[in-house]
Amino acid sequence: GDKRTARRYERAMDVMQLMETRSIEGRRKREAYYICFIFFVFFKHNSFLHIRYVNLLQTSKEREEFKMKFKTNFKDMREAVVTIGKAVKKNMSPIEISLVKIEAGEDYVELSTNGSIGACVKIQAVVEEAGSFVTSFSGINILSVRKCDGDINASNEVNENTLVLKYRGGKAKTELAAVDKVFNSVANPTDDCANVSLPYASLKSMCKDTVFAADDNVASDLHAIKVNIMDDTDGLLKFTLAACDGKSIAVRTAYAVKEGAYTGEILILPDVLKISLEILETEDENVKISIGNGKLFMETENARTCFPVLDKNYPDLNRILNAKKCSFTASIKKDELIEALNCASYLQQEQKASSGTEGFVSFKFKENAVTVGFTGMSQYAEVLDSVTTGELPEQNVLFKTSLIKEIVALYPNNNVVIGGTTEKNPFWLCCGEHDEYLYCAMPCRLRE
């Protein structure tokens, strides 16, 4: 019995030792798992910290790039804001805020905005730290209503998201908040873009002399200005602006030195052309006009505009202009004709105010005389001396008074030449010795 008991005891001890061994191995495995888990968590945590640290360094570097500090003349800054505001007004949207980018370079500060018309204005500045800052136009536009002398200092060193403007010797301060939106920089013409240069005064005059003839209906294909660049003699380019509303045509021509191989036609919006010239306003500079990549660029030394060309079904004006024929002409003194048109215009306004209807100015051509008149509430007629040639039309020819008056007022010569063929065909005005001016008007109606 004792031997049997001893063997059972030994077996029990063996089982217990085996279980203890397995328990130790299991514990060691669990400890190993715990160590691996702790190491994994620690490694993961350290990796996150490392990445975060790298990101902070990158962000710090980016912030350094966006820091900006400069000083410039307050009046120059104010004028730049006012000028950019002309483009902002055109680009304004009821659902999006208008943005302006302030960029400080080596010795300048440039303000720019973008949209249907892009515009940049550059002013001189003392720049300590170059950089850029995008903000809402409504914020910086406060400078347009404040007039003062001296300098304006700008810096976002304390907070890169706030550009602080100080003026009036530091007594006045404006804080501009950064806008977290993508700002598409205003495009520049490429080096291979063809271009022409014209004096600003000439280009502005050409715009004024043609825009009035464009169709006022913005949905019409005729609501456009046609820019035509053609080869001319002696290495010159013939640069024309033309407008048409279906009843009249206005064409102005200038000549420029040829730079590049581009010739052709493009269409632009009348109001965009006018705004662009307002932004570029200068006294004695030339305006460089470049065409490329579906855009038209206009620039002076310190300002630049950019806007897209139009894709419209516009009539072939060259076909009409090249078919210009006159079987008769009548040359009239400009000042006498304007006086007669003023009387006709007055009677037309009176008639419209009383009856709501519009009358027309009439021209009756006779040998060496033209009778200008108006038929409405009052009968008016005045005979003007004229030099006539060819076969004169027998019937009275009626025109829209305001159109004829505006055309005659634009012509720089002392005599206005009117020509045509018959009463049913277009009449040509200012078709004399100054071929830079050419206007075509359809008679409104004919009366015996």
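In the predicted model, strands S20 (residues 369-375) and S21 run antiparallel and are joined by 7 bridges. Threonine 375 has glutamine 379 of S21 as its bridge partner. Strand S21 (residues 379-390) also pairs with strand S18 (residues 328-333). These two strands are antiparallel as well, with 5 bridges between them. Here threonine 329 is partnered by threonine 389 of S21.

The largest nonpolar core holds 99 residues. Those touching the most other members are Leu111, Ile140, Phe239, Met298, Phe363 and Phe365. Helix H2 (residues 74-91) is the top contributor to this core, giving 7 residues. A second core of 13 residues is separate, and Ala224, Cys244, Tyr314 and Trp428 are among its members.

Neighbours within four places in sequence were set aside. The remaining contacts of phenylalanine 365 are Phe328, Ala330, Val370, Leu392, Pro393, Val397, Ile418 and Phe427. Of these, Phe328 and Ala330 fall in strand S18 (residues 328-333), and Val370 falls in strand S20 (residues 369-375).

A search of the whole structure returned 1 cavity of 30 Å³ or more. The volume of the largest cavity is about 50 Å³. Its lining consists of Leu203, Val227, Phe239, Leu241, Ile268, Leu273, Ile289, Leu296 and Met298. Strand S12 (236-244) and strand S16 (295-299) each give two or more residues to this lining. By class, the lining has 9 nonpolar residues, with no polar and no charged ones. Phe239 and Met298 line the cavity and also belong to the largest nonpolar core.

Terms used:
Residues numbered from 1 in each chain as written. Predicted model: local features only at pLDDT ≥ 70, side-chain atom pairs only at ≥ 80, totals over all residues. Heavy atoms only, no water. 1 Å grid on protein atoms, 1.4 Å probe; cavity = no way out; pocket = protein on both sides within 12 Å on 5 of 7 lines; lining within 4 Å. Points joined across faces, edges and corners; volume = space filled by probe spheres on them. Helix = DSSP H or I, 4+ residues; strand = E, 2+ residues; numbered from the N terminus. Nonpolar A, V, L, I, M, F, W, Y, C, P; charged D, E, K, R; others polar. Pairing = 2+ DSSP bridges. Core = buried A, V, L, I, M, F, W, Y, C linked by side-chain atoms within 4.5 Å. Buried < 20%, exposed > 50% of the residue type's maximum accessible area, 1.4 Å probe, protein only. Contact = heavy atoms within 4.5 Å.
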